[in-house]
Amino acid sequence: MLTLLVFLPLLAALALAFLPAAQASAFRSLAVIVTAIEVVLVALIWSSFEAGAGIQFQTHIEWIPTLGVAYHVGVDGISLPLVAMTSILFLASAVYTLAHEERVKEFVLLLLVLETTCLGVFVALDLIVFYLFWDLTLIAMFFIIALWGHEDRRRAALTFLIYTFVGSLALLLGIIGVYLMSEPRTFDMVALSAQNPLAETGGVGALILLALGVGFAIKTPIFPVHTWLPPAHVEAPAVGSAILAGVLLKMGTYGFVRIAMAIAPEQWTTYAMAAVVLGVFSVLYGALVALGQPSLKRLVAYTSINHMGYVVLAIGAAAVMVPASVDVRALAVTGAVTQMVAHGLVTGLLFLITGMVYRRTGTYEFERLGGLVWVTPWLATIMSITAIASFGIPGFAHFVAELQIFAGSIATVPVAAILAMLGLLITAGVFVWTIQRIFFGPSREEFSDVADLTASEAIAAAILIAAFVFIGVYPAWLLDVIAPAASNVIELLPVGGP
Amino acid sequence: MIFDGLAAIMSITLCIIALAVGLVAYGELAREQGRTRCLVFLTLLFGASLAASMTTSLLVLLITWEIIALTIWQLFGFSWQRPWRVRSGARAYLFLRTGDIGLYVAAAVGFGVAGTFEISQVAAELPSPWLEVAAVGLIVSAAAKSAQLPFSLWMRDGFGDENNPMGHVSAPLAASLLVVAGGYLLVRCYEILAALEWALPVLTWVGVATALLMGLVALVQRDLRLMLASSSASQKGFILMAVGLGALPGAVAFIVAHGFFKALLFISAAICQQRGGTTKLALLARVRPQVSIPGFGLLFGVGALALAGVPPLSGWVVKDKVLAAALDVDPLMYGLSLMAAIITALYASKMAWLMWLPPPSEDRDVLPAPVEEQTKNRLSLAAMVVLAAATLVMSTLVISPVHTQWALLVGGPAALAPPLWQLVLMGLTALAALFVVRRWHGTDSLEPWSLGIAPRWFVDWLERWLDLDRLLLAFASVGNKMIRTLKNLDDRSAFVEFGRRTTLGVSAMLSSLDRKLVFDLPRQTALATLAIARWTTKRAEVVVESAVEMLTRAVREGGHNARRPQTGLLHQYYAQATVVLAMLIFFLWLTK
């Protein structure tokens with residue numbers, strides 16, 4: 001089932017490769033159909049998923065037995081929500097692509113390949129398979145930015161590729177380190193997490209965690225290794241940005257939870273405070289820098305750093321060596337995973353919206369925007385909804401996530417948690433001001449013949465809004481799946497608790 | 001969600017006010033004036049306030065208050081066509097959001113440490129340092145939401161001032177609902193604050209200070225809506241004071257009574273604005289005939305006199321309860337709150353007389369009353385009658401058994417029976433104020449309060465809302481660019497401007513740092529790599545190449561040399577074999 005889910009888009013892409021490129025509309029609708037099937041598949045998996053029963057839907061096939069590498073996939077309460085979020089975001093992106101003009105065939109093929117690799121990262125239970133999908137994602141994204149981006153796309157794509165590839169190398173180093181420390185040697189994540197291979201390895205273990213941490217931190221991204229993100233976002237096409245922010249960034253934080261925390265729990269606990277500090281710094285830094293941005297897309301990119309900072313704060317706070325109950329720690333991790341899902345949906349849509357704004361006005365610069373609500377009231381409406389969702393208003397997914405993060409981390413790292421709350425105030429200012437600058441004010445001559453939302457844009461937005469409103473209004477449905485898995489992760493940590 | 005006595009009182013109050021507000025919004029606004037949008041957000045505000053009034057959970061309070069803040073952003077910044085309005089809506093929102101952060105802290109501490117959002121459990125179970133953190137969060141939150149000093153500024157943002165165009169009537173309508181919600185938060189969280197020694201006195205003093213200063217501010221405003229806005233902040237000061245003194249029944253009575261008559265006044269202001277086009281106090285008498293609602297002046301008067309505390313109206317009764325509590329604690333506190341009450345009586349009388357008395361002689365020719373639709377009049381009239389009636393009903397609290405019942409319903413510490421002399425004193429003071437103001441008005445000056453009684457600069461300072469923006473600025477920039485600060489003080493929005501500038505400056509700095517330094521680092525690395533590569537090609541490559549060449553040459557020569565022993569002469573082979581053998585033996589001997 002999972003294998004089908006992962007490889008269906010790839011197979012579809014291979015099949016579509018034989019169709020003539022001239023039939024652009026066929027490609028668009030097939031992309032929508034395939035991604036919709038993916039969502040249905042995820043729904044089927046979700047419906048028969050048993051919360052709290054560990055890793056399910058496993059497939060284990062020997063691949064390179066001499067090295068202990070196997071094609072091992074499965075989902076648990078942490079990866080399933082991310083898989084679901086990914087499939088929904090790809091569906092919305094495919095719907096949005098219905099209005100895409102240039103080189104539709106290539107774009108659709110790349111999008112489908114990217115979906116396979118993204119899903120692969122989240123379901124992989126073998127470090128080598130994980131790494132494989134991780135790197136393939138980079139390559140697919142590189143082409144999306146380099147071929148469909150804006151003016152300075154080549155440079156941005158190259159920066160993105162090189163920067164994140166350095167992260168991949170660090171990650172690979174860490175993976176090999178973990179492999180060498182394991183006994184019997186294996187790349188299997190489940191076996192490794194049972195083995196705890198880095199226990200009592202002292203400095204070596206710390207170096208391995210450092211290598212893994214650098215790899216994940218670049219991807220997340222955490223200050224100060226985030227500088228690849230803004231140019232990549234600014235130059236990427238809207239769908240590319242949406243996937244980049246929505247899915248690719250999650251790989252970093254997912255890696256922290258799935259690999260750093262679960263396979264190196266001792267080291268993670270020792271250095272958790274570093275994650276807390278970097279997390280809070282990213283929260284405040286991202287929010288402040290976002291406030292200073294002159295361009296809509298850069299602004300959204302920096303709010304991503306802010307939002308991902310909360311995740312890093314939470315997974316650090318969950319492991320800090322101070323007296324705190326297991327429940328509180330699990331709450332922080334649950335909040336972190338919820339935040340990943342929320343950010344994927346909300347920021348994914350924010351980037352699609354920047355694309356809609358660009359399509360109409362040809363610019364991201366605030367100086368040249370303004371008064372759009374006169375001509376595009378619906379665009380203003382969805383932007384407002386998404387923006388208030390993004391700064392954590394109740395009824396939307398981010399509130400659920402952030403409340404859990406704060407409640408889960410205030411007992412272990414009170415100062416950091418309270419400082420991070422100030423981030424909420426700044427981001428509120430950021431988005432309120434953004435809406436003001438783009439939409440409000442007197443109407444402008446140059447935008448007088450701009451049209452409001454097209455059907456495909458409206459549907460893409462509706463899909464994502466429905467998803468994050470649903471999580472915001474009825475979070476139990478999601479939290480019941482995440483919470484037991486979060487507790488499992490916490491139980492691996494060598495932190496005591498009443 | 002629970003429904004106890006307090007929730008019952010608050011929800012009934014909110015429903016009555018919401019009914020009136022809804023009637024006015026529906027009746028007074030034309031479709032193209034954004035009636036639908038206004039009603040949508042008012043309903044949302046009403047719903048959130050209602051939910052807030054029926055909960056004992058910090059989580060629900062947080063959620064509802066976030067929604068309230070959001071609707072205030074929309075309702076205060078209603079006219080999106082005007083950048084100025086939008087900005088003040090956003091500013092009010094950020095003030096309220098600051099309060100939300102306080103509530104966020106309290107809720108997160110409650111759940112993170114005590115494992116519960118329930119207020120009573122949080123108060124009972126939270127260990128020491130955490131309880132203080134939660135209390136600070138709650139106090140900040142209540143002060144921000146009730147527009148207490150130093151957060152009072154946002155109440156002004158919905159209403160504009162003489163330099164700026166008037167806002168939409170959505171702002172006074174929203175304010176009618178909002179005045180009830182703020183103080184209520186404190187009554188609910190009383191348990192948490194009461195668990196600490198210092199929290200309640202802090203609350204009391206913040207309340208007294210706001211009641212006094214914002215009362216003075218109200219006294220010198222030239223616009224009815226601005227007077228009402230500052231008055232609301234001032235009256236909420238009384239509520240904070242009552243909660244701080246532990247007089248919960250009195251506080252709740254104050255919230256409810258004030259809610260009714262202030263809503264009545266806000267609605268009147270909205271009607272004046274909508275029909276007369278202005279709410280300038282000096283023009284009120286000219287606007288009144290244009291309103292053309294029968295009994296408008298009388299109904300407005302009920303609200304204004306109740307606010308003034310003229311017996312037997314509700315303002316007199318409830319203010320008396322609060323003052324009695326102050327008298328019981330501290331004579332100084334009593335003196336200050338009595339002063340605040342007198343100030344209230346003065347400005348309330350001012351608005352009443354300015355509404356009632358005929359306009360100054362030169363303006364006698366009143367504009368003809370525009371023909372209004374009957375339904376509009378009926379709806380607005382009904383709204384005002386409902387609120388006036390509610391105000392009168394609240395006056396019955398002066399009767400002792402009614403008050404006992406009320407105190408039972410609210411719960412909390414036993415209510416004090418106010419001494420009779422205090423009640424009489426209050427009533428006489430209010431009447432005296434009413435009389436004095438009438439006399440002053442007789443001098444035919446429209447702003448008698450600023451003439452001769454207080455120095456000009458003081459009145460100006462009050463009129464600018466205590467320069468709150470500048471005051472905060474001073475706090476924020478202690479020892480930092482003092483000279484520039486003073487120069488900027490000219491700007492009325494200096495603080496907000498400063499905050500914005502500083503933040504933007506820091507952001508711009510960080511962002512340029514981000515772009516230049518941090519981004520450049522990897523780029524420089526890449527460039528360095530390229531440079532090394534180039535250098536390698538030019539220099540190192542030559543060396544390496546020559547090394548390789550030398551190696552090949554050596555190998556070639558070695559090959560030549562290797563051929564030399566093969567002379568073909570047998571005796572030479574034997575000699576070579578002997579030498580090799582000898583060396584072998586020598587090495588074997590060495591290694592042995």
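**From fold to interface**

Mentor: In this predicted model, the secondary structure of chain A comes to 19 helices and two strands.

Trainee: What makes the radius of gyration of chain A agree with that of a compact globule?
Mentor: For 498 residues the globule rule gives a radius near 23 Å, and chain A has 21 Å, so the value agrees with a compact globule. Along its principal axes, the C-alpha trace of chain A spans about 70 × 55 × 40 Å.

Trainee: What share of the residues in chain A is called buried, and on what cut-off does that rest?
Mentor: A residue is called buried when its relative accessible area is under 20%, and 66% of the 498 residues in chain A are buried.

Trainee: How do you know that chain A and chain B touch, and how many residues take part?
Mentor: Contact requires heavy atoms within 4.5 Å, and 45 residues from chain A and 40 residues from chain B take part in the contact. The two chains bury about 3700 Å² between them, with 78% of that area on carbon and sulfur atoms.

Trainee: Which element of chain A gives the most to the side that touches chain B, and how is that side made up by class?
Mentor: Helix 17 of chain A gives the most, with 11 residues, and by class this side of chain A has 33 nonpolar, nine polar and three charged residues.

Trainee: How many salt bridges are there between chain A and chain B?
Mentor: The count is zero, while one residue pair across the interface is in polar contact, both residues being at pLDDT 80 or more.

Methods. Residues are numbered from 1 along each chain as its sequence is written. Chains are lettered from A and ligands numbered from 1 in the order in which they are written. This is a predicted model: local features need pLDDT of at least 70, side-chain atom pairs count only at pLDDT 80 or more; totals for chains, interfaces and linings use all residues. Side-chain values use heavy atoms; hydrogens and water are left out. Buried area is the accessible area (1.4 Å probe) that two parts lose on being put together, summed over both. A salt bridge is a side-chain nitrogen of Lys or Arg within 4 Å of a carboxyl oxygen of Asp or Glu. A polar contact is a pair of N or O atoms within 3.5 Å; within protein, one must be able to donate a hydrogen and the other to accept it, and residues adjacent in sequence count only if both atoms are side-chain atoms. Helices (H or I, at least four residues) and strands (E, at least two) are DSSP runs, numbered from the N terminus. Ala, Val, Leu, Ile, Met, Phe, Trp, Tyr, Cys and Pro count as nonpolar, Asp, Glu, Lys and Arg as charged, and the others, Gly among them, as polar. The radius of gyration is taken over C-alpha atoms; the globule rule is 2.2 Å times the number of residues to the power 0.38. Buried means under 20% relative accessible area, exposed over 50%, partly exposed in between (1.4 Å probe, protein chains only).
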